[in-house]
Amino acid sequence: ICDNNWSMQDATVACKQLGFSKYGAVPYRGNYFGAGSGAIVLDNVRCVGNEERLTACTSSNAAIAYCTHAQDAGIHCNNSLCRNGDIRLRGGPLQYEGRVEVCIDE
């Protein structure tokens, strides 16, 4: 994905699609996490923020825009999706053990 117009709303949708929280998503530009390889298929992604998938957002074909991997988009997501009433484990040495928490409006 090319980073032209890459925004907080785009990062929010990407995090949701990956199964992470929609809160606290951070967009990164300029191949912050390193340059990818292969085809870049999306450019000028414009999400509202309520979409379930990036492909549901408005975008253009990156090949037409001559985007390069110097413009790869990136994101930072909160580490878990926790909806009101769900439970989760936190603070343990492994992902399957720890303190039990109940999520409220996260």
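**Reading the features**

Q: Which residues are buried in H1?
A: Asp10, Ala11, Thr12, Val13, Ala14, Cys15 and Lys16 are the buried ones in this helix. Keep in mind that the model is predicted.

Q: What takes a positive phi just after H1?
A: Look at Gly19, where phi is about 95°.

Q: Which residues make up the largest nonpolar core?
A: The general idea comes first. In soluble globular proteins, nonpolar side chains tend to be buried together. Here the largest such core has 8 residues: Trp6, Val13, Ala14, Leu42, Val45, Cys47, Leu54 and Cys57.

Q: Which residues form a nonpolar patch on the surface?
A: Ile87, Leu89, Val100, Val102 and Ile104 do. Together they have about 510 Å² of accessible area. Strands E5 (87-90) and E6 (99-102) each give two or more residues to the patch.

Q: How do I class Leu89, with a relative accessible area of 32%?
A: Compare the value with two cut-offs: under 20% is buried, over 50% is exposed. Leu89 has 32%, so this residue is partly exposed. Leu89 belongs to strand E5.

Q: Where does Asn61 lie?
A: Find the loop between strand E3 (58-60) and helix H2 (62-65); Asn61 is there. Asn61 is partly exposed, at 39% relative accessibility. Apart from residues up to four places away in sequence, Asn61 touches Val41 and Asp43. Now try a distance. From Asn61 to Cys77 is 16 residues along the chain, and their C-alpha atoms are separated by 25 Å.

Q: How many salt bridges does a search of the whole structure find?
A: Side chains of opposite charge can pair when their charged atoms come close. The search finds 1 salt bridge. Glu101 and Arg99 meet there through their side chains, at 2.9 Å from N to O. Arg99 is partly exposed, with a relative accessible area of 46%.

Q: How many disulfides are found in the whole structure?
A: The search finds 3. Take each in turn.

Q: What do Cys2 and Cys67 tie together?
A: Their sulfur atoms are 1.8 Å apart, in a disulfide. Cys2 is in the segment before H1 and Cys67 in the loop between H2 and E4, so the pair ties together parts 65 residues apart in sequence. The link is right-handed, with 85° about the S-S bond. Cys2 is buried at 0% relative accessible area, and Cys67 is buried at 13%.

Q: Why is the disulfide of Cys15 and Cys77 left-handed?
A: Read the torsion about the S-S bond. For this pair the torsion is about -90°, so the disulfide is left-handed. The pair links distant parts of the chain, 62 residues apart: Cys15 in helix H1, Cys77 in the loop between E4 and E5. The sulfur atoms sit 1.9 Å apart. Both cysteines, Cys15 and Cys77, are buried.

Q: Which cysteine does a disulfide join to Cys47?
A: The partner is Cys57, with 2.0 Å from S to S. This link is right-handed, with 100° about the S-S bond. Cys47 and Cys57 both lie in the loop between E2 and E3, 10 residues apart. Both are buried.

Definitions and conventions:
Residues are numbered from 1 along each chain as its sequence is written. This is a predicted model: local features need pLDDT of at least 70, side-chain atom pairs count only at pLDDT 80 or more; totals for chains, interfaces and linings use all residues. Side-chain values use heavy atoms; hydrogens and water are left out. A nonpolar core is a set of buried Ala, Val, Leu, Ile, Met, Phe, Trp, Tyr and Cys residues joined through side-chain atoms within 4.5 Å. Buried means under 20% relative accessible area, exposed over 50%, partly exposed in between (1.4 Å probe, protein chains only). Helices (H or I, at least four residues) and strands (E, at least two) are DSSP runs, numbered from the N terminus. Patches are made of residues with over 30% relative accessible area and no salt bridge: like charges are joined within 9 Å, nonpolar side chains (Val, Leu, Ile, Met, Phe, Trp, Tyr) within 5 Å. Accessible areas come from the Shrake-Rupley method with a 1.4 Å probe; for residues, only the protein chains shown count as cover. A salt bridge is a side-chain nitrogen of Lys or Arg within 4 Å of a carboxyl oxygen of Asp or Glu. Contact means heavy atoms within 4.5 Å. A disulfide is a pair of cysteine sulfur atoms within 2.5 Å.
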